[in-house]
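Here's a friendly walk through one protein model, a piece at a time. Have a look at it first, then read on.

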Amino acid sequence: MTRLQDDFYESVNGEWQSTAVIPNDKTSTGGFNDLADDIEKWLLSTTSDWLQGKNLPKNNPILDNFIKYHQLASDIETRNKIGTQPVKELIKQYKQYTSLADFASHIVTLEKAGLPNALPFEIAPDFKDARRNVLWAGGLSLILPDTTYYASDNEQGPQLLAAFRAEQEALLPKFGFTADEVADLLDKYLELDARVSQVVLSNEESSKYADLYHPYQWDDFAQLTPELPLTEMLEVLVGEKPDFVIVPEERFWQASAQFYTEAAWPLLRARLLVNLVNQFTEYLSEEVRVLGGAYVRVLTGLPEARSNQKAAFYLANGEFNQAVGLYYASQKFSSEAKADVETKVATMIDVYKSRLTAATWLAPETRDKAVVKLDTIVPHIGYPEKVPTRLKEKKVLSGETLFETATKFRKIEVAYQWSKWHQPVDRSEWHMGAHLVNAYYDPQQNQIVFPAAILQAPFYSLEQSSSANYGGIGSVIAHEISHAFDTNGASFDEFGSLNNWWTDADYAAFKERTQKVVDQFDGLDSYGAKVNGELTVSENVADLGGLAAALAAAKLEKDFSSESFFLSWATIWRMKARPEYMKLLTSADVHGPAKLRVNVQVKNFDDFFETFKVTPKDGMWRDPENRVTIW
């Protein structure tokens with residue numbers, strides 16, 4: 001048996017890991033996943049009853065339409081009968097575009113319909129004024145998870161591209177493409193994808209928010225793509241000529257001649273046709289749905305696709321996510337638990353304030369501004385006060401097919417996204433449903449959000465000790481608060497706007513401390529892949545600050561137990577995953593591997609060494625001078 005002094009994570013979770021079984025349609029199991037699986041079972045059982053007319057929600061027109069849509073998604077017989085015909089009609093339409101100019105004249109129509117158009121724009125908050133939504137210009141997406149997979153020394157890249165090609169060679173003929181057409185389309189698509197990989201941001205680059213802010217005057221930006229009538233397109237989409245655009249993907253747009261010219265049109269056309277097929281596989285026959293997920297299963301190591309029942313639920317849930325989450329919270333999240341968690345959040349903010357005030361390495365003016373930002377954080381606990389109003393527009397009409405209804409819903413979502421242009425940011429809208437086991441901090445709104453789903457065991461329970469709760473949900477709460485002061489959040493003020501509130505000396509000291517966190521993780525092994533300390537630094541800094549604040553809060557309770565606190569921290573991160581999935585996460589995810597989130601972080605706390613009698617001879621030892629404290 002592993003001694004906790006040598007490997008804390010393994011000692012706490014090893015026995016569980018030896019018997020834990022990963023479901024065949026899942027990439028992993030563990031703390032977050034086990035809870036999510038339990039919620040999934042409840043949702044599948046509840047919505048299955050609804051499909052049969054049992055225990056229906058009362059006076060809820062939005063959920064009534066969810067049920068109708070779910071019924072369409074569950075009607076596999078009709079979906080199999082219709083097959084790929086709806087997309088074949090769209091393929092005919094796309095094949096008629098004879099040139100880039102011809103295609104460009106249809107882009108706005110395609111965008112409004114939610115169809116592939118290679119126009120990577122979005123409306124999102126302005127970093128300099130987070131109260132207002134503005135235009136952003138992104139880049140085209142990649143086949144592989146990150147630009148690093150395209151490096152000549154990355155062995156996985158060619159293997160995964162081969163898996164993608166094999167998937168498409170099986171899938172595209174179902175839509176009427178001949179073998180010669182398939183070969184030609186994939187050759188061209190892969191050539192364009194290789195071009196994109198050379199100029200779009202890596203995951204590490206895109207994880208550094210402040211570095212993404214590159215505003216362009218509209219006329220200057222439009223000149224980068226002279227063969228696309230961007231001004232005319234945007235005038236139709238937003239009702240006027242844009243004044244400026246934020247361009248995080250500068251390299252991509254500066255290389256736009258590789259993508260948006262008549263010379264590049266054959267490659268772009270191939271990408272559009274392949275994406276058109278892949279965008280709709282989950283709405284068609286069962287055979288096509290399963291074929292369309294083959295590449296992702298190789299990428300993540302999944303042995304099998306989701307069942308019909310799960311696939312239908314998640315398809316319907318995607319359109320009515322907030323309404324389903326709100327119903328879940330109404331059934332599963334008590335007012336007592338909500339009040340208790342709200343108290344814990346308030347306590348955590350007070351603890352954080354005292355720690356900020358005591359941060360002697362900061363000048364008084366920087367500490368004062370940090371406290372102002374902390375006091376301005378808005379917590380949202382359990383569930384939103386309302387669902388998005390556009391859900392009321394999503395109505396399923398008698399006689400409509402799943403495909404027809406889905407395309408109608410796409411138009412509603414696209415129209416909503418463009419309607420946000422130059423409008424105030426809706427700070428009441430959540431970015432996830434209340435039935436999702438997760439939490440987040442929004443730097444542009446200076447808000448922390450904790451859905452009801454995560455506010456239960458093993459993270460939180462009224463039955464657990466206060467120390468166990470602080471080691472669980474307390475550390476998660478403080479983690480999200482810490483994001484306000486991580487390597488990204490530190491660049492935004494209390495209003496969520498990009499604004500330097502640090503003295504030069506203080507920011508230099510902050511960077512020195514965060515670099516130590518980078519060094520603690522950088523190069524560590526996880527399933528044969530190496531952790532990128534720069535990619536994961538913001539999450540690791542949030543873990544460090546969250547654990548420190550939660551520990552300080554736990555100590556305020558009369559029944560404080562350092563042992564229970566740290567054991568709870570190790571338990572919530574337990575995870576058993578498929579090797580392919582872990583390699584993917586280590587290469588492309590901003591979060592560090594679960595085991596390292598436990599073991600690397602606890603070694604920064606004197607309390608850990610004292611509680612478990614860890615000595616310099618033990619594997620978990622870290623010399624005091626190498627332990628890091630930021631907040």
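Let's start with Asn59, which is exposed at a relative accessible area of 81% (exposed means over 50%, buried under 20% and partly exposed in between, using a 1.4 Å probe and protein chains only). You'll find Asn59 in the loop between α2 and α3 (61–74). Helices here are DSSP runs of H or I with at least four residues, strands are runs of E with at least two, and both are numbered from the N terminus. Asn59 isn't a glycine, yet its phi is positive, at about 50 degrees.

Ala118 also has a positive phi without being a glycine, this time near 60 degrees. Its place is the loop between α7 (107–112) and β2, and with 13% relative accessibility Ala118 counts as buried. For another backbone feature, go to the peptide bond from Ala457 to Pro458: that bond is cis, with omega near 10 degrees. Pro458 sits in the loop between β8 (447–451) and α22 (466–482).

## What kind of model this is

This is a predicted model, where local features need pLDDT of at least 70 and side-chain atom pairs count only at pLDDT 80 or more, while totals for chains, interfaces and linings use all residues. Residues are numbered from 1 along each chain as its sequence is written, and side-chain values use heavy atoms, with hydrogens and water left out.

Two packed helices are described by the angle between their axes and the distance between the axes. Take helix α2 (residues 31–51) and helix α17 (residues 308–319): their axes come within 11 Å and cross at roughly 85 degrees. (Axes are lines fitted to C-alpha atoms, for helices over the stretch in contact, and angles run from 0 to 180 degrees between N-to-C directions.) That makes α2 roughly perpendicular to α17; the cut-offs are 65 to 115 degrees for roughly perpendicular, under 35 for roughly parallel, over 145 for roughly antiparallel, and oblique for the rest. On the α2 side, Glu40, Leu43, Leu44, Thr47 and Ser48 meet Gln309, Lys310, Phe313 and Tyr314 of α17, where contact means heavy atoms within 4.5 Å. Sorted by class, this contact has four nonpolar, three polar and two charged residues. Nonpolar covers Ala, Val, Leu, Ile, Met, Phe, Trp, Tyr, Cys and Pro, charged covers Asp, Glu, Lys and Arg, and the others, Gly among them, are polar.

Now for helix α23 (residues 504–521) and helix α24 (residues 537–554), whose axes come within 10 Å and cross at roughly 105 degrees. So α23 and α24 are roughly perpendicular to each other. From α23, Thr514, Val517, Val518 and Phe521 make the contact, and from α24 it's Val537, Asn540, Val541 and Leu544. These residues divide into six nonpolar, two polar and no charged.

## The second largest pocket

How much space lies in the second largest pocket? It's about 980 Å³. A pocket is an open set of points on a 1 Å grid over the protein atoms alone, where a 1.4 Å probe fits, with protein on both sides within 12 Å along at least five of seven lines; lining residues have an atom within 4 Å of a point. The volume is the space filled by probe spheres set on the points.

The second largest pocket is lined by 38 residues, and the closest to its centre are Pro116, Ser141, Asn275, Gln279 and Arg410. At least two lining residues each come from β2 (121–126), α8 (156–171), α14 (265–279), α16 (294–300) and α21 (402–419). By class, the lining has 19 nonpolar, 12 polar and seven charged residues.

Pro266 belongs to helix α14 and is partly exposed, with a relative accessible area of 35%. Thr281 lies in the loop between α14 and α15 (286–291). Is Thr281 buried or exposed? Thr281 is buried, at 7%, and beyond its neighbours within four places in sequence, it contacts Leu171, Val288, Arg289 and Gly292.

Helix α26 (residues 579–588) has Tyr581, Met582, Leu584, Leu585, Thr586 and Ala588 as its buried residues. Their cover includes β1 (28–30), α10 (203–206), α16, β9 (525–526), β10 (529–530) and β11 (575–577). Finally, Glu534 is in the loop between β10 and α24 and counts as partly exposed at 27% relative accessibility.
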